[in-house]
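Here is a friendly briefing to read alongside the model. Please keep the viewer open as you go.

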Amino acid sequence: MAAEPLRLADIVAALGGELCGDGQTVITRLAPLESADAGSLCFLANPRYGAQLSACLAAGVIVSPSMREAALARGPAIVAADPYLYFARLTQWWVARMRRQPVPGVHSSAVVEPGARLHPSASVAAQAYIGAGAVIGAGAVIGSHCYIGEDASVGEGTRLAVRVTLGEACRIGARGIVHSGVVIGADGFGFALDGQGDEAYWQKIEQLGAVRIGDDVEIGANTCIDRGALADTLIDEGVKLDNLIQIGHNVRIGAHSAMAGCVGIAGSAKIGRHCTAGGGAIILGHLELVDHVHITAATVITRSILKPGQYSGLFPFDDNASWEKNAATLRQLHGLRDRLRALEKKQT
Amino acid sequence: MAAEPLRLADIVAALGGELCGDGQTVITRLAPLESADAGSLCFLANPRYGAQLSACLAAGVIVSPSMREAALARGPAIVAADPYLYFARLTQWWVARMRRQPVPGVHSSAVVEPGARLHPSASVAAQAYIGAGAVIGAGAVIGSHCYIGEDASVGEGTRLAVRVTLGEACRIGARGIVHSGVVIGADGFGFALDGQGDEAYWQKIEQLGAVRIGDDVEIGANTCIDRGALADTLIDEGVKLDNLIQIGHNVRIGAHSAMAGCVGIAGSAKIGRHCTAGGGAIILGHLELVDHVHITAATVITRSILKPGQYSGLFPFDDNASWEKNAATLRQLHGLRDRLRALEKKQT
Amino acid sequence: MAAEPLRLADIVAALGGELCGDGQTVITRLAPLESADAGSLCFLANPRYGAQLSACLAAGVIVSPSMREAALARGPAIVAADPYLYFARLTQWWVARMRRQPVPGVHSSAVVEPGARLHPSASVAAQAYIGAGAVIGAGAVIGSHCYIGEDASVGEGTRLAVRVTLGEACRIGARGIVHSGVVIGADGFGFALDGQGDEAYWQKIEQLGAVRIGDDVEIGANTCIDRGALADTLIDEGVKLDNLIQIGHNVRIGAHSAMAGCVGIAGSAKIGRHCTAGGGAIILGHLELVDHVHITAATVITRSILKPGQYSGLFPFDDNASWEKNAATLRQLHGLRDRLRALEKKQT
């Protein structure tokens, strides 16, 4: 992680924005405002935190045009239309410059089956396994303990962290990032009931589809995406999934949708493009959400949503005693409505 | 996945049902109605989708007796009392015919400790680990990167996918399927508080029990089943668990119960036979659910259920503005009840 | 797991408490009251279960002073102020006596990169991977298939079970326990939106922080703790996390707090000391919970809590028909309030 001294002017040369103050200012790290030191570059996305600016010890700050005066009063700055987005690009540029690249080739402890096709610039780390017929693209990185099933494929530049499972015949596109513990292509949960009552038992429906994932998709740690029953489960380009998410068989998630941690999406749900779901939200199966639908955290979607917008359904928390009284009353709510109606009738 | 051409009559010969139309029709794949081609065999479980039948390009369809006429008007068909169940059996037969069987024996990169007993027909894949005293039954398949702890046992024909952890002394029966990332036998969450107030800290209760799993159990990706504190955690025969489920220590799940993704069952809960729980449901600890209890998705079970039936408790979602108003009012619900009472009193 | 015969007096000599009855009573196992046999030692923490005492076949029981007479009427006993805590310590002592200790050293199938520093008393199991610059403390145990990233560190006596990922530069203190499938140090979920409407897509914010975990922390199976965006994610000493928990980037959890399974804590939430959260609770991002806040299972915390206490917000379950009526009415609740107001106005 060592590099030559980096100056504010170098950043502006690479990423644009307006340089204000001394471009020779040396930047040694990116830091949050509250813990910045004399080598730090910070960003201020929210004018609400403007008060922190004057006290900040940073070498430089990235601000919006509206904060220009306040920033210049403090010291060197980069003025950018969208400081948060500028900062995102800066972190990418920073990492590309600093992060050691994996060495192309296959670690001696990895197992690569005959018939797998690895691009010479791909990297396969210690104790990884690559099945027969698998295809690993140029510059792809397969981390330690990863498992790439038979006939699976990993696109150009995609990085699999540690112990990722990419099941048989499953495919992920280019420039993806898959974090540790992800399971792509486990069987979907499909059973038919055989018999009745106390004699009933479950007959497995073998899952014959696969998972197809587009380009520029990121998948968080320990998230699961099941293979389809007959057709494939589909994750379109640019989708971002956080950790510990469950995606059932034959789900389709449209491009550039993003799901926070612990979300569950049941089988055959069809999510549009540019949708989001907050942490712990659940979307039941066989539903459709159109583009630009936003689900609040912990909300359970029980029917299709055909109109863009924000949807919510979480129980407001309270101190335990208040909650207990309200929750108990909630169980009589329908009766309260009837009593209210009766009163209204008497009035008229 | 290659095989001789398969004809409709072969399927009926193997699985029963009534053959209608040309038994020599060649079937090359199983497909959903909406994407069937001239080599596809489809099933129609729900008469509601009957309208799709006439437009369907499939080589053949599996239908119920009530759809016989409509199906025959289209082309070859198999008539079965329960098309969905027929289809389930067909997928099993299809996979048994098509899927390559793992080669018996131990991959050279696997580690098998002295004292483990492997049936000669069992298969141990690359980089798996088998502890001392472990027993692997006939035809069992231990996938890559699996870990079988000391004295653990895997029954006949059970298949562990990739990187499954089966902890020390834990046992799974015959014909099971365990998907990637499952952890069986991690410590249950047990602590005693030592000290009080700001000085309190947690003393670990070592977990001395194990996990015992019956025959014909399927466990989804990244699901966790904790070992018992003193006695064992018990999963009875025929239970089906989806992905990312948490089963606490000393839980017992009765035979043929099924749980959808992201369910959590806290310690010492006792679930009956033939129960189901929808995705994200939570069952608190030390409760009992009798047989044939069905829990709706995202419902939280806070006390025992002694009567079979369907139980629910999820907050209905709404557009965000409506939800906000209703949720705010919900926090005053007990007060509303009191005001309603007061009005009622005035009336009398 | 074999050892010399153990007598009741040995336990009291080691752990204190008052010995009542024959100290030479041989103890062969620790057992729950309901399945105790003539070699079992049991504990009775809750006087409610006192009725089980007389029927219990155990060799000995651990009881509180209030149960002394009832226990002595039955047979040998240990009287302790807090039988549950006594039992916790007993399980620890029992395991220390019985459990085989891992052999120090590195298994031949493990990969240790040059520049890693392993204490000679540490143990590295089969197929583990230790990155360059990693530091493994005295007596630490690295389980099979674990991955210790570059420059990561594991404190003295800390035990990592199977396939734990400890990411680059992440640190865990002394005497920790990390269960199978845990992922420490995957990227936090951070993106900036680039473009608008149908053209928008997500720009990754590279996560430059790490995870720092204190001493005496236990982390349950398949739990994820993300690395910070700029600063580190912090888990303080004595924290206990159950299975399948999601901890977002830059969260801080104060000392001796405990979280049950399936909890989700979003980015930058700051949890105090001695807090608890029940299973499936969700804490949204950028919130603060002061010390001694207790969150009921399945509750969603949507704003900061500045006063110690118990907080709840879960929908009470009911039989499905009752729930349906109440839930439907809930969606009109705000309207009901208005109608009630109107009635009240008429009255005055």
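This is a predicted model: local features need pLDDT of at least 70, side-chain atom pairs count only at pLDDT 80 or more; totals for chains, interfaces and linings use all residues.

Residues are numbered from 1 along each chain as its sequence is written, while chains are lettered from A and ligands numbered from 1 in the order in which they are written.

**Domains**
- Chain A splits into domain 1 (6-98), domain 2 (105-311) and domain 3 (318-348), with bounds from an automatic or database domain assignment.
- Over C-alpha atoms, the centres of domain 1 and domain 2 of chain A are 37 Å apart.

**Where the chains meet**
- Chain A gives 59 residues and chain B gives 60 residues to the contact (C-beta atoms, placed from the backbone, within 7 Å).
- On chain B, helix H4 (83-98), strand E40 (318-319), helix H5 (320-330) and helix H6 (333-347) each supply at least two residues (DSSP runs numbered from the N terminus, helices being H or I with at least four residues and strands E with at least two).
- H4(B) provides the largest share of that side, eight residues.
- Strand E39 (residues 309-312) of chain A runs antiparallel to E40(B), joined by two bridges (pairing takes at least two DSSP bridges).
- In this pairing, A:Tyr311 stands opposite B:Asp319.

**A helix pair in chain A**
- The axes of H1 (residues 8-15) and H4 (residues 83-98) of chain A come within 11 Å and cross at roughly 105° (lines fitted to C-alpha atoms over the stretch in contact, with angles from 0 to 180 degrees between N-to-C directions).
- H1(A) is therefore roughly perpendicular to H4(A) (65 to 115 degrees).
- A:Ile11, A:Ala14 and A:Leu15 of H1(A) meet A:Tyr86, A:Arg89, A:Leu90 and A:Trp93 of H4(A).

Methods. Two residues are in contact if their C-beta atoms, placed from the backbone, lie within 7 Å. Angles under 35 degrees count as roughly parallel, over 145 as roughly antiparallel, 65 to 115 as roughly perpendicular and the rest as oblique.
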